[in-house]
Amino acid sequence: MALGVLRGELRLDDRLPKYLPELSGNYIRNVTVGQLATHTSGLLLPTDHPPWPNEEYTREQFIAMLNAFTPAPGVAPGRQRVYTHAGYVLLQLVLERCYDRPIHALIQHRILRPLAMGSTFVPERGPDNRAVMDVAAMQRVVQGYSDQGMAIGPIGNQQSYFDFPGTGQMFSSARDLATFIAACVDGRAIDPHLRDALRLTQREAFRVDEKFGQGMAWETVRLPGVTIVDKPGGLNNASGYIGLVPARRIGIVLLANRGEYPHEIARYKILPALARLIASH
């Protein structure tokens, strides 16, 4: 999306019906592309918070749910930061309509291939709720576990509340994500458009409070002497974390094949210590 903005292919203040005219609800039709990317749309759907729903949603059901959305009192597009998984699924639909290409092809063409991230995949989800991948790739995938050590799902398991293509998990490696980190904090060796887009995503767009801010997916954490740009995430059987200190051109990636892995140790201890160590030299 950031690449598209810099190339003039779309605008952050474009309202969603420009790309998805089927979004006609009183609230959703006033939400912008940029608000989806920065979690400031105000959307809060059943797939965003406990108690988690039991059903899956087709694309048509998802659109109907968005059109029927009514916010809590005082909530308005752009006014607040409310984290929404569904907002990024909707952003996927916007990008697919804008470029007339599936999200996996857009990510592959615009990000993974230019950065030579050959071990990162956005696979389709098969009828058995497993990723559709070739044998060699699947052999590298690990079993996922709960935070208590109980195996959850088969190897290659893809969980989603959304029953349409492109909404399953990505698969990657520590090496590939280290390549991505290097592009985010340095970028001298990559295409200038992509470098500028990665920097744009890190820019704080909404100040949550004195300590926290929100960019495009990235979160800003202001600690004594260091500002961290990071993103934790995960499921009940896998966890991921990427943390950057752009001012020191360093970053860290944590991948765990278990749920609820504590990313706080990287955010509050490891990255600040590394930043101090580099500053002292």
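Which residues in α4 meet which residues in α5? Q92, L95, E96 and Y99 in α4 meet I103, L106 and R110 in α5, where contact means heavy atoms within 4.5 Å. The model is predicted: local features need pLDDT of at least 70, side-chain atom pairs count only at pLDDT 80 or more, and totals for chains, interfaces and linings use all residues. Residues are numbered from 1 along each chain as its sequence is written, and side-chain values use heavy atoms, with hydrogens and water left out.

By class, the contact of α4 with α5 has four nonpolar, one polar and two charged residues. Here Ala, Val, Leu, Ile, Met, Phe, Trp, Tyr, Cys and Pro count as nonpolar; Asp, Glu, Lys and Arg count as charged; the others, Gly among them, count as polar. The axes of α4 (residues 85–99) and α5 (residues 103–112) come within 9 Å and cross at roughly 75°. Therefore α4 is roughly perpendicular to α5. Axes are lines fitted to C-alpha atoms, for helices over the stretch in contact, with angles from 0 to 180 degrees between N-to-C directions. Roughly perpendicular covers 65 to 115 degrees. Helices (H or I, at least four residues) and strands (E, at least two) are DSSP runs, numbered from the N terminus.

Helix α4 has 15 residues and reaches 22 Å from its first C-alpha to its last. This is close to the 21 Å expected at 1.5 Å a residue, the expected span being 1.5 Å times one less than the number of residues. At the start of α4, a side-chain oxygen of T84 reaches to within 3.3 Å of the backbone nitrogen of A86. D100 follows α4 and has a positive phi, near 55°.

Helix α4 is largely enclosed by the rest of the structure, because eleven of its 15 residues are buried (under 20% relative accessible area, 1.4 Å probe, protein chains only). Among them are G87, V89, L93 and V94. The cover over the buried residues of α4 includes α1 (2–6), α2 (33–37), α3 (59–67) and α5.

Q214 lies in strand β2 (residues 212–214). Q214 counts as buried because its relative accessibility is 0%. Leaving aside neighbours within four places in sequence, Q214 is in contact with T38, H39, R81, R203, E204, A205, F206 and E219. A polar contact of 2.8 Å joins the side chains of Q214 and R81. Such a contact is a pair of N or O atoms within 3.5 Å; within protein, one must be able to donate a hydrogen and the other to accept it, and residues adjacent in sequence count only if both atoms are side-chain atoms. A polar side-chain atom of Q214 also lies 3.1 Å from the backbone oxygen of W218.

Note on methods. Buried < 20%, exposed > 50% of the residue type's maximum accessible area, 1.4 Å probe, protein only. Parallel < 35°, antiparallel > 145°, perpendicular 65-115°, else oblique.
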